[in-house]
Amino acid sequence: EAHEAYYNNRNDSNSTEEEPTVLICHAGGESSRCPTQITLGKAWTSLPSSNDVVINPTSLLISTLSNIFGDIPRGSVVVAASDVLLSFHCNSLLKKKIQFDDANNNSNGVFGLAVPAPLVTAKNHGVFVVNDDDNSDNSNNDDGWKLQSTFKVLQKPSVNEMMSMTNPPCVFNTTTTTTNNAKDGDDIMTMAWIDTGVITFLPDAVETLREMSNAVLKNCTRVGLMELYLEKHGDDDGSQSSVEEFAKGIAPKICLYGDMLHAL
């Protein structure tokens with residue numbers, strides 16, 4: 001809708017005003033496993049801070065994404081779950097921007113932000129299976145972010161399903177250094193690339209979404225549902241509750257992570 005407002009309000013077709021880049025933070029889960037946070041939700045949970053400033057997952061998420069997506073092409077849309085605490089194996093990555101230079105010739109691209117995780121964790125998340133040439137041990141790469149092509153996306157796969165994929169492989173091995181009283185040395189861990197909930201649509205992909213929101217996905221948007229509601233009920237503007245009831249019967253249940261990423 002931010003993009004629609006930009007295009008609808010721009011009177012001069014030759015305007016040099018840059019397209020807006022939009023960040024969408026959705027609510028995430030329902031805090032069923034964090035009952036003390038149900039009232040406000042996990043996204044607004046107060047977290048301890050060393051500088052006497054009240055922080056929460058949402059403010060941390062916005063700060064992190066502002067850093068790493070600082071060079072994203074104008075007109076893109078970034079979607080993130082606001083109940084996620086993003087952390088990376090190398091803290092220096094928080095200070096490095098993702099370079100989209102390699103995507104300049106692919107402005108219709110859709111990118112997911114993935115991090116390596118043990119299979120016991122990966123089985124509870126979406127998992128990116130990268131193409132064979134890219135599926136090497138990059139989890140210890142401190143040089144910065146890397147854009148990789150994706151073969152497919154799995155949704156909460158079992159450990160056996162991940163281990164059984166061979167062409168291309170879903171898992172990879174990485175070396176971690178262990179230092180404790182019991183033993184010192186290197187451990188080999190089997191990992192997979194898990195979805196962090198951060199999905200980026202570059203400008204041409206956003207244009208496609210905009211076109212779809214006026215067509216096949218019209219029933220999934222607030223504006224589209226209101227138009228359909230008024231078509232059926234005439235001049236009755238309708239209360240919020242009545243439109244919501246109308247939407248329950250007509251809006252298809254489409255999940256960005258479970259449906260759209262699989263199709264992409």
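1. Basis. The model is predicted, so local features need pLDDT of at least 70 and side-chain atom pairs count only at pLDDT 80 or more, while totals for chains, interfaces and linings use all residues. Residues are numbered from 1 along each chain as its sequence is written, and side-chain values use heavy atoms, with hydrogens and water left out.

2. Main core. A nonpolar core here is a set of buried Ala, Val, Leu, Ile, Met, Phe, Trp, Tyr and Cys residues joined through side-chain atoms within 4.5 Å. Buried stands for under 20% relative accessible area, exposed for over 50%, and partly exposed for values in between (1.4 Å probe, protein chains only). The largest such core has 29 residues, and L65, F69, V127, M162, C170 and V198 have the most contacts inside it. At least two residues each come from α2 (57-68), β2 (77-81), β3 (110-118), α3 (119-122), β4 (126-130) and β7 (184-201). The most, four residues, are given by β3. Helices (H or I, at least four residues) and strands (E, at least two) are DSSP runs, numbered from the N terminus.

3. Second core. A separate core of 16 residues includes V79, I199, A205 and L256. As general background, nonpolar side chains in soluble globular proteins tend to be buried together.

4. F69. Which residues does F69 contact, leaving aside its neighbours within four places in sequence? They are V78, I98, F100, V198 and T200, where contact means heavy atoms within 4.5 Å. F69 also forms one aromatic cluster with F100 and F111.

5. Aromatic pairs. Rings of Phe, Tyr and Trp (its six-membered ring) pair if their centres lie within 6.5 Å; planes under 30 degrees apart count as stacked, over 60 as edge-to-face and the rest as tilted. The count by this rule is four aromatic pairs. One of them, Y229 with F246, is edge-to-face, at 5.5 Å centre to centre and 80 degrees between the planes. This pair links distant parts of the chain, 17 residues apart: Y229 is in helix α6 (residues 222-233) and F246 in helix α7 (residues 240-250). Both Y229 and F246 are buried.

6. T196. This residue lies in strand β7. T196 counts as buried because its relative accessibility is 12%. Beyond its neighbours within four places in sequence, T196 is in contact with V84, L86, L113, A114 and V115. From T196 to L85 the C-alpha to C-alpha distance is 9.1 Å, across 111 residues in sequence. A polar atom of the T196 side chain lies 2.7 Å from the backbone oxygen of L113, and the T196 side chain reaches the backbone nitrogen of V198 at 3.4 Å. A polar contact is a pair of N or O atoms within 3.5 Å; within protein, one must be able to donate a hydrogen and the other to accept it, and residues adjacent in sequence count only if both atoms are side-chain atoms.

7. Salt bridges. With a salt bridge defined as a side-chain nitrogen of Lys or Arg within 4 Å of a carboxyl oxygen of Asp or Glu, the count comes to three.
 - R210 and E207 meet at 2.1 Å, N to O. They are three residues apart in helix α5 (residues 203-213), which means about one helical turn separates them. R210 is buried at 11%, whereas E207 is partly exposed at 32%.
 - K218 and E227 meet at 3.1 Å, N to O. K218 is partly exposed with a relative accessible area of 21%, and E227 is partly exposed with 36%.
 - K248 and E245 have their closest N and O atoms 3.2 Å apart. They too are three residues apart, in helix α7, and so separated by about one helical turn. K248 is exposed, at 64%.

8. Cysteines. A search of the whole structure for disulfides (pairs of cysteine sulfur atoms within 2.5 Å) finds zero. C25 is partly exposed, at 30%, while C170 is buried, at 1% relative accessibility.

9. Backbone points to check. Most residues other than glycine have a negative phi, and most peptide bonds are trans. The peptide bond from N167 to P168 is cis, with omega near 0 degrees; P168 is in the loop between α4 (159-164) and β6 (171-179). K156, not a glycine, has a positive phi of about 50 degrees. K156 sits in the loop between β5 (150-155) and α4, and K156 counts as exposed at 55% relative accessibility.
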